[in-house]
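Here is a short briefing on one protein model. Please look over the sequence and the coordinates before reading on.

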Amino acid sequence: MRIISGTRRGHKLCGFDGDDVRPTTDRVKESVFNLIQTYIPDAVCLDMFAGSGALSLEALSRGAAEAVCTDSDKRSVDIISKNIAALGFFENCEVIHTSCFDYIVSAGKKFDIIFLDPPYNKGLIKPALTAIVDNAALNEDGIIVLESDDTDFHGETDGLTLLKQRKYGRTYITVYKKA
């Protein structure tokens with residue numbers, strides 16, 4: 001895993017040992033950022049189920065203003081912290097060891113881009129999208145970027161409009177905006 005473009009282009013990211021965590025491939029990550037490039041400058045991002053923080057760190061490298069990474073797994077929080085340190089994003093990236101659902105409810109903050117990349121086929125997508133809508137976590141012109149498996153949810157949902165959708169192998173990238 002690496003940063004693909006921007007000020008930290010080519011920097012390697014710490015990842016996970018084993019197969020229990022599925023990182024976004026560089027090919028899919030590059031495609032995601034090609035889809036959303038006009039939303040990135042000066043964006044405030046939330047990376048739910050952040051894993052290694054690769055999506056939010058890529059956004060910061062490409063000109064986003066700040067990012068918040070949430071993950072309930074202590075290993076993820078440690079890896080994100082290492083990646084933030086290695087890239088020098090101390091001042092504009094925060095990692096929070098909590099459930100993204102708890103964070104959305106308590107934060108009272110709005111975001112321009114929300115990255116949503118939960119573990120596949122765990123039934124987390126619909127509740128996460130609902131939490132974002134119910135807690136008004138998305139700015140008026142903001143977007144949600146969902147990465148899902150072809151066997152998982154990736155369709156329409158109440159309060160959101162499907163803006164773009166692409167398929168890369170078994171991976172769907174779905175971009176939503178407010179309805």
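Just after helix α4, G108 adopts a positive phi of about 60 degrees. The model is a predicted one.

**Helix α4**
- Helix α4 spans residues 100-107, and its buried residues are C100, Y103 and I104.
- These residues lie on the same side of α4, because they cover an arc of only 100 degrees around the axis.
- V105 and S106 are exposed, on the face of α4 turned away from the buried side.
- The cover over the buried residues of α4 includes strands β1, β2, β3 and β4, along with helix α5.
- At the start of α4, S99 places a side-chain oxygen within 3.1 Å of the backbone nitrogen of F101.

**The sheet**
- Seven strands make up an open sheet with mixed pairing. Their order is β3-β2-β1-β4-β5-β7-β6.
- At the edges are β3 (93-97) and β6 (160-168), each pairing on one side only.
- On average, neighbouring strands are turned by 15 degrees against each other, direction ignored.
- Strands β1 (residues 44-48) and β2 (residues 66-71) run parallel and are joined by four bridges.
- Within this strand pair, C69 in β2 is the residue opposite D47.
- In general, strands of a sheet pair through backbone hydrogen bonds, either parallel or antiparallel.

**Helices on the sheet**
- Helix α3 (residues 74-87) lies across β2 and β3. Its direction is at about 165 degrees to β3.
- Helix α5 (residues 125-134) packs on the sheet. Its contacts are with β1, β4 (111-116), β5 (138-149), β6 and β7 (171-178).
- The direction of α5 makes about 175 degrees with that of β5.

**Nonpolar cores**
- The largest nonpolar core holds 31 residues. I36, L57, I113 and F115 have the most contacts inside it.
- Two or more residues of this core come from each of α1 (26-36), α2 (54-61), β2, α3, β4, β5 and β7.
- I113 touches I36, Y39, I40, A43, V44, C45, L46, I143 and V145, leaving aside residues up to four places away in sequence.
- A second core is separate and has 23 residues, including C100, Y103, F111 and L160.
- As a general point, nonpolar side chains in soluble globular proteins tend to be buried together.

How values were computed. Residues are numbered from 1 along each chain as its sequence is written. This is a predicted model: local features need pLDDT of at least 70, side-chain atom pairs count only at pLDDT 80 or more; totals for chains, interfaces and linings use all residues. Side-chain values use heavy atoms; hydrogens and water are left out. Two strands pair if DSSP finds at least two bridges between them. Axes are lines fitted to C-alpha atoms, for helices over the stretch in contact, and angles run from 0 to 180 degrees between N-to-C directions. Contact means heavy atoms within 4.5 Å. Buried means under 20% relative accessible area, exposed over 50%, partly exposed in between (1.4 Å probe, protein chains only). The arc is that of the directions from the helix axis to the C-beta atoms. A polar contact is a pair of N or O atoms within 3.5 Å; within protein, one must be able to donate a hydrogen and the other to accept it, and residues adjacent in sequence count only if both atoms are side-chain atoms. A nonpolar core is a set of buried Ala, Val, Leu, Ile, Met, Phe, Trp, Tyr and Cys residues joined through side-chain atoms within 4.5 Å.
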